[in-house]
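Here are my notes for you, written as numbered points. Keep the model open while you read and click on each residue as it comes up.

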Amino acid sequence: MSDTSYDVVNPATEEVLTTVPLADVEQTDAAVARARRAFESWRTVAPADRGRLLRRFAEQVDAHAEELAQLEVRNSGHTIGNARWEAGNVRDVLTYYSAAPERLIGKQIPVAGGVDVTFHEPLGVVGAIVPWNFPMPIAGWAFAPALAAGNAVVLKPAELTPLTAMRLAELALEAGLPEGVFTVLPGKGTVVGQRLVEHPDVRKIVFTGSTEVGKGVMRGCADRVKRVTLELGGKSANVVFADADLEKAAAGAPGAVFDNAGQDCCARSRILVQRSAYDRFMALLEPAVTGFRVEDPAMDTAQMGPLISRGQWERVSSYVPDDAPVAFRGTAPDGPGFWFPPTVLAPVDPADRAVTDEIFGPVVAVVPFEDEDDAVRIANQGEYGLSGSIWTRDLGRALRVSRGIEAGNLSVNSNSSVRYSTPFGGFKQSGLGRELGPDALHSFTEEKNVFLSTEV
Ligand code: NAD
């Protein structure tokens, strides 16, 4: 990678799509200064008008949803079905938070000698640093509530996947958002990202990415007592009890880990199966995996595309050495592109690195367990705690295990973890703070208390 530009590659063909200029520290400072000036007027825009502008932004995204989706297919190798959902998610998150400016309600607290009220004040300039695995939704989860709360946002997309974020910034301007309120600044993490962390006028960082880089971001923020939200790695467990609807659990398991080629922080990349149901579950899982369609992501039938880069392909391959316990695999196209077949490793010792590391690729490890306590103990191993699924017909067990697993987002008899109206985030080293849902606004505001004396 050169210091001044980046060749953006289509991971399904390895062709260069375009070359994007990378910002340097001076350009980052200039963008923050513009955002700081824009913030002064954005915060004073009447709440209903701020809401209206965000709804117009949502309408622009909706009108260009197909274009954004096609762009994501080319830049990220996402299946067209996923990419359409992702563009729609940006629209929906903007619409959801467009109602927020008029509902950013403080309290009136009974006190002696006067009136006490609280305000939720915007922070100022918010720096958003996002990864390459879901370029559109993760950006939207940061910028939509931040803008709704009255902040200006400078967003740094991942080096590999800047194109949809750049297009979203254009759509924001076309929707009427004032210049400087929402800036997208492609650049290196160690240059633009680090400068946003260090810059005194950036009052908060929303970071989504690896746990390793996230720790450095948190250290940098600590020096300035800068507010920070971290959405980091995961190694989520898909826990299948013998009393579950095994057909349904097995049919859903490949999608829960191989969706987006496993490059999903919520990927259920450990399948824990109760030993008494192990053979039956594996027999049901095999056709679901071998039938998983890995093909040109632009095709409507594609269930999985390529990995994002050669580097990611090499990293994922290192988890499937020649002597790996491969139970069965799906297929993947030959030829150019960073293709990797869906791969099931089983049975795997819970201490194996395929079970403990976030592989971030289409590789799943199956681990047998004995009983409920054993399942919770294995699920809680390791430092991650983002997501997970529990399959059982026993309601009491579903609740006990849900309360027992240390993770921020669990689903019972389902693998869905993300809804814009519900909170999302991690326990342990999977993160700090929550995005989405009704309370996300509060992580983009400071609570201010004002006492007004009524004494004569
Ligand atoms: P990464 O940590 O390498 O990069 C994330 C972002 O940080 C990129 O924009 C990068 O340029 C920037 N960055 C790199 N070095 C930096 C520095 N020194 N200072 C500031 N910014 C810097 O992660 P990635 O490889 O792009 O993404 C994959 C990771 O993201 C996985 O671990 C995955 O689990 C995680 N993730 C978490 C969530 C979640 O919500 N919990 C969602 C998606 C992805």
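1. Let's start with a sheet: what is the order of the six strands in the open sheet? Reading across, the order is β7-β6-β5-β8-β9-β17, and the pairing is mixed. The edges are β7 (182–184) and β17 (431–432), each of which pairs on one side only. Do remember that this is a predicted model.

2. Strand β6 (residues 152–156) pairs with β7 in the parallel sense, over three bridges. To see how they line up, find Val153, which stands opposite Phe182 in β7. Phe182 turns up again in an aromatic cluster, together with Phe57 and Phe143.

3. Which helices lie across these strands? Helix α5 (residues 135–148) lies across β5 (125–129), β6, β7 and β8 (202–208), and it runs at about 165 degrees to β6. Helix α6 (residues 163–174) lies across β6 and β7, running at about 150 degrees to β7.

4. Have a look at Thr208, which is found in strand β8. Is Thr208 buried or exposed? Its relative accessibility is 9%, and buried means under 20%, so Thr208 counts as buried. Leaving aside neighbours within four places in sequence, Thr208 is in contact with Ile129, Val130, Pro131, Ile138, Glu231 and Glu435.

5. Next, a loop residue. Leu436 lies in the loop between β17 and β18 (445–453). What does Leu436 touch? Not counting residues up to four places away in sequence, its contacts are Val93, Tyr97, Trp141, Val418, Arg419, Tyr420, Thr422, Pro423 and Phe424.

6. How many aromatic pairs does the structure hold? There are ten. One of them joins Tyr96 and Tyr97 edge-to-face, with 4.9 Å centre to centre and 80 degrees between the planes.

7. Another edge-to-face pair is Trp313 with Phe340, at 6.2 Å centre to centre and 70 degrees between the planes. Trp313 lies in helix α11 (residues 310–317) and Phe340 in the loop between β12 (326–329) and β13 (343–345), so the pair ties together parts that are 27 residues apart in sequence. Trp313 is partly exposed, with a relative accessible area of 28%, while Phe340 is buried at 5%.

8. The charged end of Arg310 sits over the ring of Trp313, 5.6 Å from its centre. Arg353 lies over the face of Tyr319, at 4.0 Å from the ring centre.

9. On to β14 (363–369). Seven of its seven residues are buried. In a regular strand, side chains alternate between the two faces of the sheet. You can follow that pattern here: Val363, Ala365, Val367 and Phe369 point one way from β14, and Val364, Val366 and Pro368 point the other way.

10. Which strands run parallel to β14? β11 is joined to β14 by five bridges, and Gln274 stands opposite Phe369 in β14. β13 also pairs with β14 in the parallel sense, over three bridges. There, Val344 has Val364 of β14 as its bridge partner.

11. Helix α13 (residues 372–379) is worth a look as well. Six of its eight residues are buried, so the helix is largely enclosed by the rest of the structure. The buried ones are Glu372, Asp374, Ala375, Val376, Ile378 and Ala379. Their cover includes β10 (237–240), β11 (270–274), β14 and α14 (395–404).

12. Last, the nonpolar cores. In soluble globular proteins, nonpolar side chains tend to be buried together. The largest core here has 57 residues, and those with the most contacts inside it are Ile271, Phe281, Met282, Leu285 and Val344. Leaving aside neighbours within four places in sequence, Met282 is in contact with Ala327, Phe328, Val344, Ala346 and Val366. A second, separate core of 51 residues includes Tyr97, Ala128, Met136 and Leu386.

Note on methods. Residues are numbered from 1 along each chain as its sequence is written. Side-chain values use heavy atoms; hydrogens and water are left out. Two strands pair if DSSP finds at least two bridges between them. Helices (H or I, at least four residues) and strands (E, at least two) are DSSP runs, numbered from the N terminus. Contact means heavy atoms within 4.5 Å. Axes are lines fitted to C-alpha atoms, for helices over the stretch in contact, and angles run from 0 to 180 degrees between N-to-C directions. Rings of Phe, Tyr and Trp (its six-membered ring) pair if their centres lie within 6.5 Å; planes under 30 degrees apart count as stacked, over 60 as edge-to-face and the rest as tilted. Buried means under 20% relative accessible area, exposed over 50%, partly exposed in between (1.4 Å probe, protein chains only). A charge sits over a ring if NZ of Lys or CZ of Arg is within 6 Å of the ring centre and within 35 degrees of the ring normal. A nonpolar core is a set of buried Ala, Val, Leu, Ile, Met, Phe, Trp, Tyr and Cys residues joined through side-chain atoms within 4.5 Å.
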